[in-house]
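Please take a moment with the sequence and the model before reading on. The report below is meant for someone meeting this structure for the first time.

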Amino acid sequence: MNKFNPSSAIFNSNNGDEYNGVNVSISDSATFFFPTAQDMEATFNGENPAFLYSRHSNSTTAKLAQALAAMEDTEAGIVTSSGMGAITSTFLHLVSSGDHIVSAHTVYGGTFAFLNNWLKKINVEVTLVDTSNIEEVKAAVKPNTKVIYTETMANPLLKIADIPALAEFSHANNIKLVVDNTFTPMIFSPKRLGADIVVYSLTKFVNGKNDMVGGAILADQETINSMLDLNNGTVMLLGPTMDSIRASMVLKNLYTLHIRMQKHSQNANFIAKKFKEVGINVCYPGLQDDKGYEVMTRTMNKNYGYGGMIAFDLGNFEIAADFLKVLQQKGVGFLAVSLGFYKTLFSNSGHSTSSEVPSELQQKIGITQGLTRFSVGLDDDIELTWTLIEETLKELKII
Ligand code: PLP
């Protein structure tokens, strides 16, 4: 299981373009012509595979989808214009009015809002649980449960889901397991661990430059085909299509993802240990006493470390806000949402990316007022970065 190498899979999946270009060519066409009306009709009927219209797919978006499918070891994929485009299309594909979803309560705020607020419009019921606790998941399932949804490393508390255990339970109950791998590309291969569908925000680590928004759905060929079906396919009909220029950008960045993930992880591990040493309560699943350490070590691909995200509690919002303001002034990183950037990004989770979660639930699940999230950057001199962080902690009398 752990021998799978997602980076080699990417390298083997694309070999330049049809004109011997080392990068793929950018498709500049919304529509495609056919030699005859009969050929066109055959494509509409699914009997003549050909590019038809770029909301569906084109040669550039198809290449990116193919490379991501190789990375996740799925048969096929679709790339979308945002992570939310991928996630909402997947839910809408899998559920109908009257169905039920069991989801992690600690998910990205936009996903939370869709599950908790928007799906009510179409009478889909959602139960939110701690998916790192399989017993909670089992207790929440009902006869009409169609989907179990989790993030590999749950945002923002970095809890680790036991995907093999969730997959075993889901499949025994005829439920689809959907996993968001945005925080941990290459580190986890959810489909190989039993997930049915893997979704992504490519905006984060995968692209790594914060210059675009994108997403992906990776699954078996039948699922992908049905999502792209001309008459019923959720992606085809809702139209969250990725642009070819963006797709070619993401594809180029994919070839350096393994090196970036290793460096993000190495730096995050260093900073997490330092926070711990100075007595700050820190969550990082690479620390041996972290709740997620055992399950992550057992289920991860071994070459990429424990990821670039850390979360820690500074006690209250005002202190956390001051701390982040000074860190930004000192050039440690940016006070900005999002993650997976080459510079460190930081935010106060409860007052930003998890603000969609009602405050009582925030309290219940441990999103405290002072909870601060770092997406640790690719800093070459991480010791210098820590010096600036420690100096700030002392200046503000946090330590
Ligand atoms: N999933 C996770 C884990 C995220 O952190 C985000 C965005 O922050 C999304 C999905 C949504 O992705 P996008 O912003 O690309 O729509």
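## Basis of the report

This is a predicted model, in which local features need pLDDT of at least 70 and side-chain atom pairs count only at pLDDT 80 or more, while totals for chains, interfaces and linings use all residues. Residues are numbered from 1 along each chain as its sequence is written, and side-chain values use heavy atoms, with hydrogens and water left out.

## The open sheet and its helix

Helices (H or I, at least four residues) and strands (E, at least two) are taken as DSSP runs and numbered from the N terminus, and two strands pair if DSSP finds at least two bridges between them. An open sheet of mixed pairing is formed by five strands, in the order β10-β11-β14-β13-β12. At its edges are β10 (281-283) and β12 (333-335), each of which pairs on one side only, and from one strand to the next the twist averages 25°.

Within this sheet, β11 (residues 309-313) and β14 (residues 371-375) are joined by five bridges in the antiparallel sense, with A311 standing opposite R373 in β14. Helix α11 (residues 257-277) lies across β10, β11 and β14 and runs at about 15° to β11; axes here are lines fitted to C-alpha atoms, for helices over the stretch in contact, and angles run from 0 to 180 degrees between N-to-C directions, where contact means heavy atoms within 4.5 Å.

## Strand β4 and its partners

Strand β4 (residues 145-151) is mostly covered, since six of its seven residues are buried, that is, under 20% relative accessible area (1.4 Å probe, protein chains only). It pairs in the parallel sense with β2 (residues 100-104) over four bridges, and in this pairing V102 stands opposite I148 in β4. A further parallel pairing, over five bridges, links β4 to β7 (residues 176-180), where V179 is the bridge partner of T150.

## Around the ligand

Of the 14 residues around the ligand, those that come nearest are M84, D180, S201, T203 and K204; a residue is near if one of its heavy atoms lies within 4 Å. Helix α4 (residues 83-94) gives the most to this shell, with three residues.

An oxygen atom of the ligand lies 2.9 Å from a backbone N or O atom of G83, and a nitrogen atom of the ligand lies 2.7 Å from a polar side-chain atom of D180. In the side chain of K204, an N or O atom is 2.4 Å from an oxygen atom of the ligand. Of the 390 Å² of accessible area that the ligand has on its own, the protein covers 91%, as computed by the Shrake-Rupley method with a 1.4 Å probe.

Note on methods
Buried means under 20% relative accessible area, exposed over 50%, partly exposed in between (1.4 Å probe, protein chains only). A polar contact is a pair of N or O atoms within 3.5 Å; within protein, one must be able to donate a hydrogen and the other to accept it, and residues adjacent in sequence count only if both atoms are side-chain atoms.
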